[in-house]
Amino acid sequence: MTNPFLSSEEYDERAHALYNEGRYDEALELLREGLTRYPQAVELHVGAGYARLAREEYAWARRSFEEALTHDPEHEDALAGLGEVLLKFGQVDAGLRAYDRTIELGYEDDVDLMLQIGRALFREGFVEHSLTFFERAVRNAEDSAEAVACIGYAQHRLGNDVEAMVALRRALVLDPQFAEARVYIANLLYDAGDLDAALLEFEQTTPEDHWDELGIWRLIELKKSVYKLQDSDGELKPWEARLVELAGEPDPIDELLAEVEQAAIESDTEDGSPSQDQLDALGSLLPGLVGQQQAGESPGEQGSGQANEPGAATTDVLLADNGTHRVIMRDGSAFEGSWEEIVQALRDARDAGRPLDEYMAMEARRFYGATGMRVASHAPEAFIRGSADAGMLRIVR
């Protein structure tokens, strides 16, 4: 539906509001309509570029930014957008030149622009370059907790944890309610082994402050360890609910890989290697799954039945002829039976009322929080083997 009485500025404002709400398709549709009426409106071209960028339509985004720059070669937002697109295309020198051009034009005091450019560089892996833009932002807004925290994130990525902690602590002094910095500090303390200090920071956050599962799992485990809470304790419920919310719907690619893995487990050949049919089937699936495989869930690594070398990170696996297995937990407790019986026993010892599949999913997320390693949870054998690889138990038979 057309809006015959809207000015180009009104088109831009309405599209910007839609963009901020994450409604990129609607924003782009409105911008297209505006451009049919105002084809030389620079702001509309820039807006279309960022909408395209959000939709990962990089070639079209580049075209929009370049069109904007033909009308206004010194437009700072168009230069920033073009720089990001060029980085994605691997044209690093050209992308950095576009960013540097904003400095030459005198936009160094535009804090939001400096942060935008810094974040784009950070996302694309150019952390040292990102740090220079974050530092520019701080020079022009010393009281910006967000800008100071960005320096902390970059320093951490560069391996400078002392400098990172200083910056993040400073950000919290500037804004004690800045949850993102506090969560980051808590995770740094956890990684450093200062668990008491980590828990102190985690406890000053709310479930809604977390946008990553790792911090929540760490908080849950620390609470259970320090306060001796049971899995069913009501204090943990809000955090578990947030985990469910963050997890969302199962990823179709993960589900497909899980199915392939389970098929490999169930139909291994006698020597423990995947059959040719399995390899052919997997080969036909992988082209559509580039970059989506999860560590530790490769079909070729499951059900090998071969003992690892002494001292290897994974456990020795010796399969009994009768299909009975034995695992030893980190606390020394042992469980024996089929894969499913072992998982059932583990579940009963920890949370007897929970369905088996839900228990495995819950434990897999917990193990990820504790080790950073992903554990398959779609089938008992895959779960046990993945747990062993993560160091959460040892398979002795």
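Quick housekeeping. This is a predicted model, so local features need pLDDT of at least 70 and side-chain atom pairs count only at pLDDT 80 or more, while totals for chains, interfaces and linings use all residues. Residues are numbered from 1 along each chain as its sequence is written, and side-chain values use heavy atoms, with hydrogens and water left out.

I'll also be naming helices (H or I, at least four residues) and strands (E, at least two), which are DSSP runs numbered from the N terminus. And for burial: buried is under 20% relative accessible area, exposed is over 50%, and partly exposed is in between, using a 1.4 Å probe and protein chains only.

Now, the pairs. K88 and E124 have their side chains joined in a salt bridge, at 2.7 Å from N to O. K88 sits in helix α5 (residues 76-88), and E124 is in the loop between α7 (111-123) and α8 (127-140), so we're linking distant parts of the chain, 36 residues apart. K88 is partly exposed at 30%, and E124 is partly exposed too, at 27%.

Next, have a look at K223. Which residue does K223 form a salt bridge with, at 3.4 Å between the closest N and O atoms? That's E203. K223 belongs to helix α13 (residues 213-227) and E203 to the loop between α12 (195-202) and α13, so the pair ties together parts 20 residues apart in sequence. Is K223 buried or exposed? Buried, with a relative accessible area of 6%, whereas E203 is partly exposed at 33%.

K223 also meets E235 in a salt bridge, at 2.7 Å from N to O. E235 is in the loop between α13 and α14 (237-247), 12 residues from K223, and E235 is partly exposed at 38%.

Last stop, the strands. In a regular strand, side chains alternate between the two faces of the sheet. Strand β1 (residues 325-329) has H325, V327 and M329 on its covered face, with R326 and I328 on the uncovered one. β1 runs antiparallel to β2 (residues 334-337), joined by four bridges; strands count as paired if DSSP finds at least two bridges between them. There, H325 has G337 as its bridge partner. β1 is also antiparallel to β3 (residues 393-395), with three bridges, and V327 partners I395.

Key:
A salt bridge is a side-chain nitrogen of Lys or Arg within 4 Å of a carboxyl oxygen of Asp or Glu.
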